[in-house]
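Try each task before reading its solution.

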Amino acid sequence: MTELLSPGEYRALLSRALEGTVDADTQPPTPHTLYMPDAHRTALYVDSTVVQGDRGVGKTFWARSLLDAELREAAAVEYRISRLRRLHVTSGYGMDMSPHYPGPLTLPSLLDGDTRPEEIWYAILLTALGQPELRVRADWAERIAWLRANTGPAEATLAQADAQAAAEDVVELLVFDGLEHLHTDWDTRNRLIAELLRVAMRMRFGTRNIRLKVFLRPDMFEAAKQLFPDASKLSGNAARLEWNHTDLYGLLFHHLGNEADGAEQGDADAAARFRRFTGGWTAPAPSEPVRYAPPHALRNEKEAQEPLFARIAGPYMGTNVRQGRPYTWLPNHLMDSKGLISPRSFLKAIHAAAETTAAAHSSHPYALHHDAIRSGVREASTVRVDQISEDTPWVDLAIRRLAGCQVPITQRKVIDIWKGSDLPLRLREDAARYTQADRPELVRTGPRHPDDLPRLVQELIDLGVLRRRDQNHSDDYSLLDLPDIYRLAFGLGRLGGIPLAGR
């Protein structure tokens with residue numbers, strides 16, 4: 001079949017289709033950006049109370065999609081989950097400014113008094129369920145005061161709402177997202193999450209038609225379970241948002257085939273020609289929003305995806321196969337030490353590669369130049385390190401001290417560097433952000449064991465930042481590695497690997 005897009009047209013389509021994907025949390029999902037990997041189906045089950053996922057894997061995307069009736073309908077069709085059509089969904093917490101929950105200025109002030117975290121969550125739940133005495137009060141402190149003084153009517157409202165939902169054959173669902181921003185003190189944040197899970201479990205096992213769905217990072221779920229051991233009962237029906245290689249390429253091709261919403265005619269024409277060339281796309285019905293679904297092969301089969309990506313990026317990462325094939329090379333260099341890949345990192349790398357190719361290799365016979373793909377991985381690494389430094393600042397403190405080293409590196413050398421730079425003291429200082437009059441202990445925002453450096457290594461392995469390459473030596477002499485998604489931005493070298501920026 002004759003190619004319908006030139007390398008320059010592919011390059012321009014990639015740039016337009018992937019622009020802004022790294023800022024996905026600030027852009028609401030739309031029908032044409034809604035991509036549904038098969039592995040994410042369980043995340044939308046009503047009884048999957050906890051949905052775990054690292055940053056950038058789609059937690060906020062799915063939380064916002066559940067709040068949108070049009071997107072819920074699309075998911076109900078594609079995932080064949082008819083129950084999604086019988087939901088009444090309210091936001092229980094999120095990044096959007098909303099009257100449904102206390103905002104970032106209000107929530108800390110509620111905790112300054114004698115308010116218990118459990119009371120905050122019940123006030124949010126009862127307000128969503130229509131408790132009239134709460135709805136007429138705009139002030140959250142007043143709502144909590146009423147709840148404390150009227151536990152009987154509050155419990156009656158829960159029972160009545162559950163019965164009414166059953167009679168109407170609907171489920172009252174509250175969605176909770178963005179919980180890493182609940183509070184700047186991690187101990188307080190973890191207590192809030194633990195109490196939220198306690199309320200969620202009571203609704204899960206105590207009602208038929210009231211459910212909470214909580215989107216959490218895995219480390220936050222584990223921390224909450226330390227404070228609320230019964231939360232482990234929610235693990236059995238917990239879902240995980242993860243992406244394999246074919247999911248990632250399916251997402252890429254979905255973006256290319258749907259780059260038309262609000263675009264200029266040329267953009268829409270390029271997307272249409274891409275769909276015609278690949279074939280098998282499902283067009284929306286006249287009454288449905290614009291959203292073209294890729295064929296099964298482009299979503300799930302390497303045998304269909306690899307030759308198509310080779311048309312875009314060339315057959316090799318250089319002049320021959322010994323330098324790798326782009327289809328496998330790219331995701332392999334974006335994995336953390338647990339083999340997990342953020343779709344945000346993947347799309348960022350490809351978008352950056354398209355931009356770099358346009359600027360520095362515009363006459364290249366493929367849309368993506370192999371050196372530009374390497375540059376894209378470096379840019380994705382910078383974004384990923386910025387994210388983990390924001391989510392887990394102590395990781396930055398520990399790994400930055402290794403800048404200039406080369407991996408693999410022995411654990412003994414890592415620990416010697418940490419000791420020489422007095423890392424334990426720096427971690428303790430960073431952890432003791434402030435103390436509270438009624439809580440004289442340190443406020444912990446760092447690793448569990450800042451003074452035990454071998455255990456600190458293990459914490460970094462558990463987070464997916466480090467990996468242990470050799471289990472046959474003692475820990476002191478075992479080799480530690482740093483995946484490229486972290487290595488490049490943290491400034492560590494690797495013999496024969498992607499060079500650091502500027503080298």
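Helix axes here are lines fitted to C-alpha atoms over the stretch in contact, and angles between N-to-C directions run from 0 to 180 degrees. Keep in mind that this is a predicted model.

**Exercise 1.** Describe how helix H18 and helix H21 pack.

*Solution.* 
Step 1: Find H18 at residues 393–400 and H21 at residues 453–462.
Step 2: Compare the axes, which lie 12 Å apart at an angle of about 115°. The crossing of H18 with H21 is left-handed.

**Exercise 2.** Work out which strands stand at the edges of the open sheet of 3 strands.

*Solution.* 
Step 1: Write down the strand order, S7-S9-S8, with antiparallel pairing.
Step 2: Strands S7 (409–410) and S8 (467–468) each have a single partner strand, so they are the edges, and one side of each lacks a neighbour in the sheet.
Step 3: Look at the pairing of S8 with S9 (residues 479–481), where 2 bridges join the antiparallel strands. Here Arg468 sits opposite Leu480 of S9.

**Exercise 3.** Find how many cavities of 30 Å³ or more the whole structure holds, and describe the lining of the largest cavity.

*Solution.* 
Step 1: The search returns 1 cavity, with about 160 Å³ of space in the largest.
Step 2: Among its 20 lining residues, Asp54, Val57, Leu340, Ile341 and Ser342 are closest to the centre.
Step 3: By class, the lining has 10 nonpolar, 4 polar and 6 charged residues.

Technical notes:
Residues numbered from 1 in each chain as written. Predicted model: local features only at pLDDT ≥ 70, side-chain atom pairs only at ≥ 80, totals over all residues. Heavy atoms only, no water. Pairing = 2+ DSSP bridges. Helix = DSSP H or I, 4+ residues; strand = E, 2+ residues; numbered from the N terminus. Left-handed = near helix turned anticlockwise from the far one by under 90°. 1 Å grid on protein atoms, 1.4 Å probe; cavity = no way out; pocket = protein on both sides within 12 Å on 5 of 7 lines; lining within 4 Å. Points joined across faces, edges and corners; volume = space filled by probe spheres on them. Nonpolar A, V, L, I, M, F, W, Y, C, P; charged D, E, K, R; others polar.
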